[in-house]
Amino acid sequence: MSAEQQEKVIGTHSGQFHCDEALACFMLRQTNEFKGAKVIRSRDPKVLDPLPILVDVGAQYIPEQHRYDHHQRGFFETFDDKHDIKLSSAGLVYKHFGREIIANVLQFSLDDPRINVIFPKLYDEFIKAIDAVDNGIEAYDLGEGVKPRYVAKTTLSHRVGYLQPAWNDPQPASLDDLFEEAVSLTGSEFLRALKFIALSWLPAREMVLEALQERHNIHGSGQVVLFNNSCPWKEHLMILEKELGLIEPHQQIL
């Protein structure tokens, strides 16, 4: 076995980098198998083929062999059958390792039921946009001749792009060093989004769910929902009413 196979190593492509593989590498470093792994950036098959995992390079999607590329012809993998955005390498890594990553970061057990709620929420709120941008998918369907009223250039994907050396920089920094900056940037925002969902959004959802389950104890009609504490409730109420099959809207929120 080669030295690269014995140590923890992640392979990705060299040259210009993007948000998706930077985030993919960060997420893999949150797993047990690739914690603290170094990243080898290359396009040489002789360098990449022996490595235990490849992301965003290699033109193969074979999870059993830890090959997670999305550029090859015929690739149409999505997060699940409810989504239609093609995955980037970030989405692929999240799809296959996301539950473990959430558990490790939050110090949950893998069978903690909260992961079942956080996992799809974090994809929709954070990962999906990175998948879409990397695959050139616009947020809105713009008809012929229709132009957006403004263009946002402050997304995470754009900010990773700004880390690239300028074309006319006489002494550009090492791309490998800049890539590690991108890994750090995407990782810090991933962790912030995950912790917000787990530590703020989810507790509010649980509070609203508890109030809905207790509504008949508050009033026999079941039309009165009482919160014992203040929380952001509107989004959760609408979603949970649908999930619970509650047809009649609640008339009083206390």
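Reader: Before we start, what pLDDT do local features need here?
Author: Residues are numbered from 1 along each chain as its sequence is written, and side-chain values use heavy atoms, with hydrogens and water left out. This is a predicted model, where totals for chains, interfaces and linings use all residues, side-chain atom pairs count only at pLDDT 80 or more, and local features need pLDDT of at least 70.

Reader: Let's look at helix H9; which arc do its buried residues fall within?
Author: Helices are DSSP runs (H or I, at least four residues) and strands are too (E, at least two), numbered from the N terminus. In H9, residues 234–243, the buried ones (under 20% relative accessible area, with exposed over 50% and partly exposed in between, 1.4 Å probe, protein chains only) are His236, Leu237, Leu240 and Glu241. Seen down the helix axis, going by the directions from the axis to the C-beta atoms, they line one face of H9 because they fall within an arc of 125°.

Reader: And which residues of H9 are exposed on the other side?
Author: An α-helix has 3.6 residues a turn, so residues three or four places apart point the same way. On the other side of H9, the exposed residues are Lys234, Met238, Lys242 and Glu243.

Reader: Which helix gives the most to the lining of the largest pocket?
Author: A pocket is an open set of points on a 1 Å grid over the protein atoms alone, where a 1.4 Å probe fits, with protein on both sides within 12 Å along at least five of seven lines; lining residues have an atom within 4 Å of a point. The largest one has a volume of about 760 Å³, that being the space filled by probe spheres set on the points, which are joined across faces, edges and corners. Of its 23 lining residues, those closest to the centre are Val133, Ile137, Glu138, Ala139 and Thr155. Helices H5 (114–134) and H6 (156–161) each supply at least two lining residues, and the one giving the most, with six, is H5.

Reader: How many residues of that lining are nonpolar?
Author: Ala, Val, Leu, Ile, Met, Phe, Trp, Tyr, Cys and Pro count as nonpolar, Asp, Glu, Lys and Arg as charged, and the others, Gly among them, as polar. The lining of the largest pocket has four charged residues, four polar ones and, for the nonpolar group, 15.

Reader: How many residues apart in sequence are the parts that Glu180 and Arg29 tie together?
Author: A salt bridge puts a side-chain nitrogen of Lys or Arg within 4 Å of a carboxyl oxygen of Asp or Glu. Glu180 and Arg29 form one, with the closest N and O atoms 3.1 Å apart. Glu180 sits in helix H7 (175–213) and Arg29 in the loop between helix H2 (19–28) and strand E2 (38–41), so the parts they tie together are apart in sequence by 151 residues.

Reader: Which helix does Arg205 tie to H9?
Author: Arg205 and Glu243 meet through their side chains in a salt bridge, at 3.0 Å from N to O. Arg205 counts as buried, at 14% relative accessibility. Glu243 lies in H9, so the helix tied to it by Arg205 is H7.

Reader: What is the bridge partner of Ile10 in E2?
Author: Strand E1 (9–12) is covered on both faces, with Val9 and Gly11 buried on one side and Ile10 and Thr12 on the other. E1 and E2 pair (DSSP finds at least two bridges between them) in the parallel sense, over four bridges. Within E2, Ile10 has as its partner Val39.
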